[in-house]
Amino acid sequence: MNIRVTERIDILPRHSVLSLGCSLAAGLLAISSIFLISGVNPLYAIAKIFSGSFGSIYGIKETITKAIPLILIGSGLTLAFRAKFWNIGAESQLLMGAIFGTWVGLNWGPHLPAPVIVPLMFMAGFVGGGLWGLIPAILKVKFSINEVISTLMMNYICNEFMKFLIVGPWRGKTKHGFPYTDDLPLSATLSVIPGSRIHYATLLIAVAVVIILGIAVYRTRFGYEVRVIGENPDAAKYSGIDFFRTTIIIMIISGGAAGLAGVGEAAGIHHYLSYPESISSGYGFTAIIVAWLAKLNPVNVIFSALFFAGILVGGDAIQISLGLPAATVQIFNGTLLFFLIMGDFFLKNQVTLQWREEGN
Amino acid sequence: MEDIIISVLQRTLIAGTPLLLATIGEVICERSGILNLGIEGMMAIGAVSAFIVTFTTGNPWLGLVAAIVASALTSIIHAFVSITLQSSQVVSGLALTMLGLGISGLVGKPYIGKPLAEKMATWPIPVLSDIPVVGVIFFDHSPYFYMAVILALIAWFVLKYTRLGIIIRSAGENPRATETQGINVYKIRYWCVIIGGALSGMAGAHLSTSYSKSWIEGMTAGRGWIVIALTIFALWNPMRAIIGAFLFGGIFVMQYLLQPLGISPNLLAMLPYLSTLLVLFIGALHDSRKLNAPAMLAEPYRRGGR
């Protein structure tokens, strides 16, 4: 038997869909085996995950709630990943957004009406996330420091910084010594769709970001520059693309979008700052796979974000019913990401098995 | 005062040991041309496997073996995806980290809060450990410390002076030319990734059965990522990795040392990560051509391609 690999010349849309379907199916199969080995009935676990997220009105509401940050971060990441800027720091860009937004809300909220303070908070969040995203961009372009490491290190730094704020200078006077900030004033909290936790202002912003980025990527010179930088950085230099400027803009947008998500979480869900891990349940990392599943197309991000939000919600459901740790979701994320990139291989290449007859 | 200094230096070496073990592995792996960002995940797998086996058998050596095997097997996934399928090594490494952290969390859940009866015993080296001051600092450690230093020296020697080392380095510098010499680049790279995985497993085993004697979810605490930076800091040289790893060991210890001075523990906890950025920054001030990075690092190599 002989395996032959040849590059596919024309990739049809149905090939993409088929490879995506196969990758997801194979991924679920692999996850099932992990569950099976750990003594968890995989059929029960997976059924529970999807019934927990998409099987009830409550589940769907929660899924949409968790999709909001994933849409924002994921669409920002599509831009960064297109330029092959591996921004792994969205988690802390979200937290920085939450920190900046909360500061504005706590300090200016009591004096300003909601229609003024809420936009100000989102702007502050965008600035916070954008600045935190800007640093690794400068480090990469000016000092060729690997962005994977710098963005990750900044995650840890921001985590500690946030903990420092809530146990130290920002600790709330009304919180009886608990490490939380005071509650945001009412004018600085986001209203929700009644009977759910969906803070629709953030959802609308998320959809707007998706549309803007969709247009930017496919219809503008900027989108073209992003693609060239990612696919052929040398050509980018010769064709007069300003590497520094474009990378900076990409990371301000990518970090800023995550910062917007942070404001949504702080002002829409929690209403005060607490430990980093409760403000964001790993959205910055899950969004990496959201962007990848969307094939780096900002518009597709809406669907892949809903899918992974479902896994997060269902993951919470099986944690309770099966007593599984929070890390279980990471197994889903890691395995699906592996199978998605494996699927890309079979999409780009034609693999044929040849059985040679005896005597040939 | 002297006691404090001795104890700080001793703990510096202990804290640097897992960093050194994993850095040697990553140096070998990257020398062959494969970037493995999955160290954090493989370390977690190693830590949990070592802990479970030590907990059940009472033998930390069996725990070490389990960690090596488990992490080496996990690393094969990365090898397959990045070598055979030529996919993005960055994405594959990230997936490996997520998978490793996830599996270790799932498998280790029942063991949280159950300390080991016995952790890896220290091996005072006869005669040498009796030397005042120096003996306590350098020669009264768990076997992991000696293994880490010896493995670093072996890796340095092999990479620099042997035929095998030349083959590994040339696989990372110019795989196509290496292939024309009749050498199977895929095979070399596979083995280097697996060795990298095994060493990350050892690092994890050290964390859960020697450094501490309990399993805590997320106990790797970003060490796997610091290792990636240390590899650059070490300029892909295991000898320099020794310096880097123990420097960072010192930074880990310094957190606890400075705490009584009234500095916020949260700000001190930033130190290792800030130092990582600083180290990369200093590295960046050098001429990048002099950094001597493997030329084809993280570039997929396709046999028979153009």
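This is a predicted model: local features need pLDDT of at least 70, side-chain atom pairs count only at pLDDT 80 or more; totals for chains, interfaces and linings use all residues.

Student: Is B:Gln86 buried, exposed or partly exposed?

Tutor: Residues are numbered from 1 along each chain as its sequence is written, and chains are lettered from A and ligands numbered from 1 in the order in which they are written. A residue is buried if 20 or more other C-beta atoms, placed from the backbone, lie within 10 Å of its own, exposed if 12 or fewer, and partly exposed in between. B:Gln86 has 18 other C-beta atoms within 10 Å, so its class is partly exposed.

Student: Where does B:Gln86 lie, and what is its phi?

Tutor: Helices (H or I, at least four residues) and strands (E, at least two) are DSSP runs, numbered from the N terminus. B:Gln86 is placed in the loop between helix 3 (60-84) and helix 4 of chain B. Although B:Gln86 is not a glycine, its phi is positive, at about 50°.

Student: Is A:Leu296 buried or exposed?

Tutor: A:Leu296 sits in the loop between helix 12 and helix 13 (301-322) of chain A, and its phi is near 60°, a positive value in a residue other than glycine. A:Leu296 has 20 C-beta neighbours inside 10 Å, and therefore counts as buried.

Student: How many residues of helix 10 of chain B are buried, and which helix of chain A do those buried residues pack against?

Tutor: In helix 10 (residues 223-233) of chain B, 11 of the 11 residues are buried, so this helix is largely enclosed by the rest of the structure. Within chain B, the partners of these buried residues include helix 1 (2-31) and helix 11 (238-258). From chain A, the helix they pack against is helix 6.

Student: Which helix of chain A gives the most to the side that touches chain B?

Tutor: With contact meaning that the C-beta atoms of two residues, placed from the backbone, lie within 7 Å, the contact between the chains takes 37 residues from chain A and 39 residues from chain B. Helix 6 (147-167), helix 12 (283-293) and helix 14 (328-348) of chain A each supply at least two residues of the side of chain A that touches chain B. The greatest contribution to that side, 12 residues, comes from helix 14 of chain A.

Student: What residues does A:Ser19 touch, and how far is A:Ser19 from A:Leu347 in space?

Tutor: A:Ser19 belongs to helix 1 (residues 13-37) of chain A. Leaving aside residues up to four places away in sequence, A:Ser19 touches A:Gly343, A:Phe346 and A:Leu347. A:Ser19 and A:Leu347 are 328 residues apart in sequence, yet their C-alpha to C-alpha distance is 6.2 Å.

Student: Where in chain A is confidence lowest?

Tutor: Chain A averages a pLDDT of 90, and 98% of the residues score at least 70. Confidence in chain A is highest in helix 4 (residues 90-108), at 96, while the lowest mean, 76, is that of strand 1 (residues 2-7) of chain A.

Conventions: pLDDT is the predictor's confidence in each residue, from 0 to 100.
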